[in-house]
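Have a look at the structure first, then read on.

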Amino acid sequence: MIITGDDFECIAFVKACLSAQFPMTDLGPLRYFLRIEVSSTSDGFYISQEKYIQDLLARAALGDERTVETPMELNVKLQPTDGDPLSDPTRYRHLVGSLVYLAVTRPDISYPIHILSQFVFASTTVHYSHLLRVLRYLRGTITRRLFFPRSSSLQLQCYSDATWASDPSDRRSLSAYCVFLGGSLIAWKTKKQTAVSRSSVEAELRALALLTTEVT
């Protein structure tokens with residue numbers, strides 16, 4: 001349980017009430033919770049999952065020390081028929097599942113993980129090679145963190161985008177958005193649209209509608 005706020009007397013009161021009803025241990029200032037690392041400075045808070053990435057790379061056992069600059073190549077359009085089916089897709093599913101949780105603090109892998117997660121039930125050698133690229137990207141960017149400044153405005157800034165007919169198998173588009181509260185990135189998502197858009201303008205409008213729902 002995380003108890004947070006700017007009224008220290010109220011926080012102490014809540015902890016006292018909880019400890020009177022339940023056995024509990026006060027672990028002090030928040031530093032590590034559900035594999036998410038939190039560090040505090042005079043300027044703000046940093047959130048990362050560096051140790052989680054280290055454990056993930058150890059489990060993946062890549063066998064080399066290569067890194068790449070981007071998590072996915074430009075204009076890649078994966079299909080279910082690409083490559084040969086994996087004899088045992090369990091490893092692919094496990095790694096993709098781990099990366100889905102990592103995207104909680106790494107918006108830069110949101111798009112490739114959304115793409116790769118579509119093939120967890122019928123993964124191939126080509127899909128697996130793109131998964132390894134994401135892991136090599138993470139190896140080279142393991143220290144990246146999200147920053148939440150203490151002195152930040154409460155003004156929302158929102159951005160949306162769409163890739164029209166980006167899925168070659170069903171011609172559906174992808175929506176993506178990110179939401180900033182002042183200088184803090186607080187929400188982001190990549191999601192396939194539920195219907196086929198007849199134009200790039202329609203795809204952009206669907207992405208904007210998804211963003212508006214999130215903001216509302």
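**Salt bridges and a nonpolar patch**

K15 is partly exposed, with 26% relative accessible area. Here buried stands for under 20% relative accessible area, exposed for over 50%, and partly exposed for the range in between, using a 1.4 Å probe and protein chains only. The model is predicted, so local features need pLDDT of at least 70 and side-chain atom pairs count only at pLDDT 80 or more, while totals for chains, interfaces and linings use all residues. Residues are numbered from 1 along each chain as its sequence is written, and side-chain values use heavy atoms, with hydrogens and water left out.

**How many salt bridges are there?**

- A salt bridge is counted when a side-chain nitrogen of Lys or Arg lies within 4 Å of a carboxyl oxygen of Asp or Glu.
- The count by this rule is twelve salt bridges.

**A link between a loop and a helix**

- K15 pairs with D26 in a salt bridge, and their closest N and O atoms are 2.8 Å apart.
- Because K15 sits in helix α1 and D26 in the loop between α1 (8–21) and β1 (32–33), the pair ties together parts that are eleven residues apart in sequence.
- Helices (H or I, at least four residues) and strands (E, at least two) are DSSP runs, numbered from the N terminus.
- D26 is partly exposed, at 48% relative accessibility.

**Pairs within one helix**

- In helix α2 (residues 50–60), D55 and K51 are four residues apart, which means about one helical turn separates them.
- These two, D55 and K51, form a salt bridge whose closest N and O atoms are 3.2 Å apart.
- Relative accessible area is 31% for D55, which is partly exposed, and 40% for K51, also partly exposed.
- R206 and E202 form a salt bridge too, with 2.8 Å between the closest N and O atoms.
- Helix α6 (residues 200–215) holds R206 and E202 four residues apart, or about one helical turn.
- R206 is partly exposed at 30% relative accessibility, and E202 is partly exposed at 24%.

**A network**

**A nonpolar patch on the surface**

- M1, I3, F13 and V14 make up a nonpolar surface patch with about 420 Å² of accessible area together.
- Patches take residues with over 30% relative accessible area and no salt bridge, joining like charges within 9 Å and nonpolar side chains (Val, Leu, Ile, Met, Phe, Trp, Tyr) within 5 Å.
- Accessible areas come from the Shrake-Rupley method with a 1.4 Å probe, and for residues only the protein chains shown count as cover.
- M1 lies in the segment before α1 and is exposed, at 77% relative accessible area.
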